[in-house]
Every structure is written in structure tokens, then in C-alpha cells.
Amino acid sequence: MLIENNVFVNAVKPLMTLEEGGYANPVGNDWGGATPELNPGTFTSAPYSYSLGPTSGVASTVQAGAGTCKITV
């Protein structure tokens, strides 16, 4: 699993994988000073194209969209 451009705030264990076959490849994440505990895998790119927003904008984007009646269609 790719874990890309996430921001973790006040997380003690922001990402964990199990020894029984769980794998994660983190790319471009802000761990907020914490350290992930993971087994890296071999999956490094998706078989399709997509774009990521910058990590620096994740927290403000989430906060702007969080709350009751914030979803618009």
C-alpha cells in the first residue's frame, strides 16, 4: 500500500503494519515527529496516473472541509 502525502498530528504511532504480511510504502508524509513502525513492501507506484497536493497544504484542506454540512455535491 502506498501511503502518500499525509500529515499526522499528535500521533504516537502514525502508521503500523503487522509482521504477518502487512506492508506499506510511505512517501512524502509528515509524521509530526513520530516514527512509523512498518514493513516496507515492493509496491512503489500505482498503475494509473494521479496528482497529489503538497503535504504543506493537507492540514488546512482537511480543517476547511471538516464539520457538519461541509460536503457539497
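Reader: Where is N10 found?

Author: Start with how elements are named. Helices (H or I, at least four residues) and strands (E, at least two) are DSSP runs, numbered from the N terminus. N10 sits in the loop between strand 1 and strand 2. Before we go on, note that this is a predicted model: local features need pLDDT of at least 70, side-chain atom pairs count only at pLDDT 80 or more, and totals for chains, interfaces and linings use all residues. Residues are numbered from 1 along each chain as its sequence is written, and side-chain values use heavy atoms, with hydrogens and water left out.

Reader: Is N10 buried or exposed?

Author: The general idea is a cut-off on relative accessible area. Buried means under 20%, exposed over 50%, and partly exposed in between (1.4 Å probe, protein chains only). N10 has 76% relative accessibility, so it counts as exposed.

Reader: What is the phi of N10?

Author: Most residues other than glycine have a negative phi. N10 is not a glycine, yet its phi is positive, about 55 degrees. N5 is another case, with a positive phi near 50 degrees, and it is not a glycine either. N5 also lies in the loop between strand 1 (2-4) and strand 2 (25-27). N5 is buried, with a relative accessible area of 17%.

Reader: Which glycine takes a positive phi just after helix 1?

Author: That is G67, with a phi of about 125 degrees.

Reader: How many residues of helix 1 are buried?

Author: The count is zero among its eight residues, so helix 1 is hardly covered.

Reader: What does the side chain of N29 reach?

Author: Look for polar contacts. A polar contact is a pair of N or O atoms within 3.5 Å; within protein, one must be able to donate a hydrogen and the other to accept it, and residues adjacent in sequence count only if both atoms are side-chain atoms. The side chain of N29 reaches the backbone oxygen of I3 at 2.7 Å. N29 lies in the loop between strand 2 and helix 1. N29 is buried, at 15% relative accessible area.

Reader: Which residues is N29 in contact with?

Author: Contact means heavy atoms within 4.5 Å. Setting aside neighbours within four places in sequence, N29 touches I3, E4, N5, N6 and F8.

Reader: Now strand 2. Which backbone atom lies 3.0 Å from a polar atom of the side chain of N25?

Author: The backbone nitrogen of G41. N25 is in strand 2, and N25 is buried, with a relative accessible area of 10%. Leaving aside neighbours within four places, the contacts of N25 include M1, L2 and I3, and also P40, G41 and T42.

Reader: How far apart in space are T35 and V12?

Author: Compare the spacing along the chain with the spacing in space. T35 and V12 are 23 residues apart in sequence and 7.9 Å apart, C-alpha to C-alpha. T35 is in the loop between strand 2 and helix 1, and at 57% relative accessibility T35 counts as exposed. Take E20 and N39 next: they are 19 residues apart along the chain, and their C-alpha atoms are separated by 9.8 Å. E20 lies in the loop between strand 1 and strand 2, and E20 is exposed, at 70%.

Reader: Which residues form a nonpolar patch on the surface?

Author: Patches are made of residues with over 30% relative accessible area and no salt bridge: like charges are joined within 9 Å, nonpolar side chains (Val, Leu, Ile, Met, Phe, Trp, Tyr) within 5 Å. A salt bridge is a side-chain nitrogen of Lys or Arg within 4 Å of a carboxyl oxygen of Asp or Glu. Accessible areas come from the Shrake-Rupley method with a 1.4 Å probe; for residues, only the protein chains shown count as cover. Here Y48, Y50 and L52 form the patch, with about 330 Å² of accessible area together. Y50 is in the loop between strand 2 and helix 1 (58-65), and Y50 is partly exposed, at 38%.
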